[in-house]
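Subject: A structure for you to look at

Hi,

Here is the structure I said I would pass on to you. Have a look at it first, and then read my notes below.

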Amino acid sequence: MTSSLHQIAARPQLVILSIMIFVQGCAYGSTLPYLGVTAIGALGMSDQAYSALTVVASIMTVTISVSLGILSDGMGDRRRMISLLALAGMIGYGAIFLFPSIPVFVVATAFVIPFSQAVHSLLFASARIETSTLSSRDAAAVNTVVRSFMSASWVVMPAILGLALAQSANMIGAWGAAATCTLLIAIASLLLLAPPKEPKEPGNTSQSAFFDALRELVRADMLVRMVAMAAVTGTTRLATMIWPLILTLELGGSTRDVGFIAALIALIEIPFMLLAAALLKRFSLLVLIVASALLYGLHMVGFVFATAPWHFYALAVPGAATAAALLSLPITYFQDLFPTTPGLGTAFMPINSFLGNAVSAGTFAAGAHFFGYSGTAWLGLVLALAGVAGLLMVDRARLKLV
């Protein structure tokens with residue numbers, strides 16, 4: 001862990017990228033917790049309209065992030081693209097802040113802000129390039145530490161905004177904060193990021209290269225990997241749907257408990273991400289993902305046996321410890337599959353996020369209907385087992401202890 005931090009500190013560009021990832025995470029973390037509250041509560045959207053908006057925005061984010069991630073491999077120099085996408089975010093977030101209305105909110109959220117969210121993929125792809133001279137294990141450890149910067153933003157920003165806007169009638173101010181963050185990203189991209197040391201040849205942005213990369217996404221083994229990893233990471237999303245409902249509706253806990261536990265989980269995840277980076281020096285990436293998935297599934301079974309609110313405080317520790325690996329390691333897993341095209345490797349992350357959300361939502365809907373909230377927790381273990389089985393089916397050769 002200390003070695004990884006030293007390796008980051010020794011690379012000024014990696015330090016800058018880590019800070020940019022933190023600031024970009026602040027932009028996302030500023031608004032996502034308050035998206036539904038603002039759309040429905042402050043602006044008056046219907047539940048159905050808001051649901052449709054989230055689906056459209058998710059599809060747009062995946063499409064844009066994947067396409068631009070692939071294109072960025074051909075461009076080589078990602079600075080201008082990052083700046084333009086960040087400026088799109090500033091315009092989208094700023095429009096909602098300055099002109100809060102349903103039409104502006106819908107257009108900005110569905111068609112403008114998704115461009116800004118593609119910045120995540122480009123920043124992580126740029127960070128991967130900065131670690132290209134390291135061994136695969138050192139690079140994986142460094143990337144895991146870099147990923148923790150985004151998690152740190154989710155601890156810091158929602159808390160700051162919650163305090164700053166506590167007396168406000170609504171959370172529209174959060175979009176002003178997000179606009180400021182994306183403006184800082186645009187400026188940093190132009191002024192602080194250095195040009196690539198080895199510029200790409202002009203022919204690498206051809207249409208055939210783009211479609212060749214798309215074909216990589218739909219190879220049979222890659223489809224298995226995507227679905228399996230979505231099942232693994234979907235367990236974390238399923239858990240966040242289940243435990244607040246069990247806590248408040250079945251065990252008599254309060255919404256304050258929900259807030260405290262959520263903050264506790266986010267806080268615990270950061271040091272365990274750093275620990276995961278250290279463990280990568282001793283264990284293979286796939287071993288850590290498999291072990292974390294199985295332990296997280298078992299942790300979800302604990303929801304079934306919880307009988308008092310304090311049990312969820314206790315479960316937050318093993319849950320956050322194992323979720324830390326499931327949040328930070330998949331990006332390196334996909335990047336390692338395409339070491340010469342980091343944009344393509346990183347493009348799998350928005351796909352994984354989209355599929356993970358779909359898997360968890362479908363599992364929750366079916367489980368809650370047939371088994372109740374507590375019973376659905378067993379399905380979290382089933383998801384983890386299914387995901388692990390899929391990963392081992394296509395990657396058994398990479399399952400090495402050391």
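One definition before we start: a residue is called buried when its relative accessible area is under 20%, exposed when that area is over 50%, and partly exposed in between. Please also keep in mind that this is a predicted model.

**An aromatic pair**

W154 has a relative accessible area of 29%, so it falls in the partly exposed group. Its partner in an aromatic pair is Y28. With 27% relative accessibility, Y28 is partly exposed too. How are the two rings arranged? They sit edge-to-face, with 5.8 Å from centre to centre and 85° between the planes. What I like here is where the two residues come from: Y28 belongs to helix α2 (residues 12-31) and W154 to helix α8 (residues 136-164). They are 126 residues apart, and the pair links distant parts of the chain.

The count of aromatic pairs comes to ten. There is also an aromatic cluster, formed by Y333, F334, F338 and F348.

In general, two packed helices are described by the angle between their axes and the distance between the axes. Helix α11 (residues 220-250) packs with helix α15 (residues 330-337) at an angle of about 170°, and the axes are 12 Å apart. Angles over 145 degrees count as roughly antiparallel, so α11 is roughly antiparallel to α15.

**Cysteines**

How many disulfides are there? The count is zero. Take C26: the nearest cysteine sulfur is that of C181, 5.2 Å away. A disulfide needs the two sulfur atoms within 2.5 Å, so at 5.2 Å the sulfurs of C181 and C26 are too far from each other for a bond. Are these cysteines buried or exposed? C26 has 5% relative accessibility and so counts as buried. C181, at 9%, counts as buried as well.

**One more residue in α8**

Back in helix α8, have a look at A159. Its relative accessible area is 42%, so A159 is partly exposed. From A159 to A127 you go 32 residues in sequence and 27 Å in space, C-alpha to C-alpha.

Note on methods
Residues are numbered from 1 along each chain as its sequence is written. This is a predicted model: local features need pLDDT of at least 70, side-chain atom pairs count only at pLDDT 80 or more; totals for chains, interfaces and linings use all residues. Side-chain values use heavy atoms; hydrogens and water are left out. Buried means under 20% relative accessible area, exposed over 50%, partly exposed in between (1.4 Å probe, protein chains only). Axes are lines fitted to C-alpha atoms, for helices over the stretch in contact, and angles run from 0 to 180 degrees between N-to-C directions. Helices (H or I, at least four residues) and strands (E, at least two) are DSSP runs, numbered from the N terminus. Angles under 35 degrees count as roughly parallel, over 145 as roughly antiparallel, 65 to 115 as roughly perpendicular and the rest as oblique. Rings of Phe, Tyr and Trp (its six-membered ring) pair if their centres lie within 6.5 Å; planes under 30 degrees apart count as stacked, over 60 as edge-to-face and the rest as tilted.
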